[in-house]
Amino acid sequence: MKGLEHALSSLGAIPLSQDFGKLCRVTGLLMEVSGCPLAIGERCEVETVDKKRIIAEVVGFNRELTYLMPLHSLTGLRSGARVLPSTQHPRLTIGLEWLGRVVNGVGEPIDEKGTVTGSVTLPRQLPPISALQRRPISAPLDVGIRAINGLLTLGRGQRVGLMAGSGVGKSVLLGMMARATDAQIVVVGLIGERGREVNEFLLHTLGEEGLKKAVVVAAPADESPLMRLKATELCHAIAAFFRDQGYHVLLMIDSLTRYAMAQREIALSLGEAPATKGYPASVFSLIPRLVEAAGNSSSEGSLTAIYTVLAEGDDQQDPIVDAARAVLDGHIVLSRSIAEMGHFPAIDIGQSVSRCMGLVTTAEHRHLARAFKQHYSRYQEIKPMIALGGYISGADPEVDQAIHLAPAMNQFLQQEDQQLSPLGQSLQELSSIMQGEQ
């Protein structure tokens, strides 16, 4: 009798009907649905002609119409297809088990090593940090690159941009820093890049040893714009979790421009008006929100972030480059003209700056770096005249000194991709060069 009463009482929890919407229109990747009033960010399932279901997310609405964007490709849709609220409520759990793993933008493993697990639930939204709760930057971060360690020293908790056109060496430089850094955990986001580069980055650039302390989130160019957005935000959520656990974390996003382009695709599909070079205003509000999720919090850990920013046509006044430069704590510019001379890494130290260098270096270090930049700048100014025979030795003692130091300075700024230079060694070499100034 008790079993019957329990069975009858459980019937009340069974819904007698199911609400669903209908697919009205598909434009590109944007789906318009009627009769499915859900909140922005909630997920739906769209039935295909072969009774499969496509997972999509609500990205906007207009009165009775709801706008959806798929997480994966659209195939097998028809007009009037049923759209149901998703019964799956994904909950990501994270822990140290994620180290060495490769996942997509929603945290699903793509490395064929089984499921990823953990003991702590990862929040779906970017974690906000109060400005007054941010611990000051007080310690340097070793990235293994002489030019950066010596002349553009980074601090733990700094956010910096790596600005360059296409094919100048941004990804290789990121890989060198990932292998050489003294950060305990590295989170790498490969956003909107070529699919071929993902495996190459894992096998050759990052390597087996580098992968052991890394989490890689990949959303190649053939993924939907929503997946690229989710992947970038997931990288920040993962890095923030480890930072709040007390670890020193290095977050590397390649690239911030692809994140902005993904938001541009979604915003233009929703009818938002383009502003600067086709980018809607929402793009320029999302970048600061994303960047502010990085940096230090009140925990003992740190979160240093490096973003590659694609300067279209090598234009350093590109709107995304300019927006990133305004909200980041420094920028490292890679020059195509320097790269074409076989100079790697092609860092233009004259255009680059680390705004936190003064917080993490000694007065002597800053003096050496300043003197190096002054001599290097003078040499670059006089170099064309030397080739034409327009400069006579002895005319200017400071220029003579710059010409004398030029070979050593050029050697200091160049570095093979397999050659790593720790922070202490970089400072010794910088000091040795500038002692020749005497």
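**Entry 1: α7 and α8**

I began with two helices and found that α7 and α8 pack at an angle of about 35°, their axes being 10 Å apart. The model I am reading is predicted. I noted the crossing of α7 and α8 as right-handed. On the α7 side I listed Val283, Phe284, Ile287, Pro288 and Val291 as making the contact, and on the α8 side Pro319, Ile320, Ala323 and Val327. Sorted by class, the contact of α7 with α8 has nine nonpolar residues, no polar ones and no charged ones.

**Entry 2: α8 by itself**

I then looked along α8, which covers residues 319-327. Which residues of α8 are buried? I wrote down Pro319, Ile320, Val321, Ala323, Ala324 and Arg325. I also checked the N-terminal end of α8, which aspartate 318 caps. A side-chain oxygen of aspartate 318 lies 3.0 Å from the backbone nitrogen of isoleucine 320.

**Entry 3: α6 and α7**

Next I took the pair formed by α6 (residues 256-269) and α7 (residues 281-291). I recorded an angle of about 140° for their packing, with the axes 9 Å apart. Angles over 145 degrees count as roughly antiparallel, and α6 and α7 are therefore oblique to each other. The crossing of α6 and α7 is right-handed. From α6, the contact is made by Leu256, Tyr259, Ala260, Gln263, Arg264 and Ala267, and from α7 by Ser282, Val283, Leu286, Ile287, Arg289 and Leu290. I sorted the residues of this contact of α6 with α7 into eight nonpolar, two polar and two charged.

**Entry 4: valine 291**

I returned to α7 for valine 291, which has its place in that helix. Is valine 291 buried or exposed? I found valine 291 buried, with a relative accessible area of 1%. Not counting residues up to four places away in sequence, valine 291 touches Arg159, Tyr307, Val327 and Leu328. For one of these, tyrosine 307, I looked up the separation from valine 291: 16 residues in sequence and 9.3 Å in space, C-alpha to C-alpha.

**Entry 5: aspartate 329**

I moved on to aspartate 329, in the loop between α8 and β19 (330-333). Its relative accessible area is 17%. With its neighbours within four places in sequence left aside, I found aspartate 329 in contact with Gly157, Gln158, Arg159, Ser354, Arg355 and Cys356.

**Entry 6: arginine 156**

I looked up arginine 156 and found it in the loop between β11 (154-155) and β12 (159-164). Arginine 156 is buried, at 19% relative accessible area. With which side chain does the side chain of arginine 156 make a polar contact? I found that of histidine 248, at 3.3 Å. Residues up to four places away in sequence are not counted in my list of what arginine 156 touches: Ile137, Ala139, Pro140, Leu141, Asp182, His248, Asn296, Ser302 and Thr304.

**Entry 7: alanine 218**

Last I looked up alanine 218, in strand β14 (residues 214-219). Alanine 218 counts as buried at 2% relative accessibility. Leaving aside neighbours within four places in sequence, I noted contacts of alanine 218 with Val103, Asn104, Gly105, Ile110, Leu190 and Val198. I also looked up alanine 218 against isoleucine 382: they are 164 residues apart in sequence and 45 Å apart in space, C-alpha to C-alpha.

Conventions. Residues numbered from 1 in each chain as written. Predicted model: local features only at pLDDT ≥ 70, side-chain atom pairs only at ≥ 80, totals over all residues. Heavy atoms only, no water. Buried < 20%, exposed > 50% of the residue type's maximum accessible area, 1.4 Å probe, protein only. Helix = DSSP H or I, 4+ residues; strand = E, 2+ residues; numbered from the N terminus. Polar contact = N/O pair within 3.5 Å; in protein donor to acceptor, adjacent residues only side chain to side chain. Axes fitted to C-alpha atoms, helices over the stretch in contact; angles between N-to-C directions. Parallel < 35°, antiparallel > 145°, perpendicular 65-115°, else oblique. Left-handed = near helix turned anticlockwise from the far one by under 90°. Contact = heavy atoms within 4.5 Å. Nonpolar A, V, L, I, M, F, W, Y, C, P; charged D, E, K, R; others polar.
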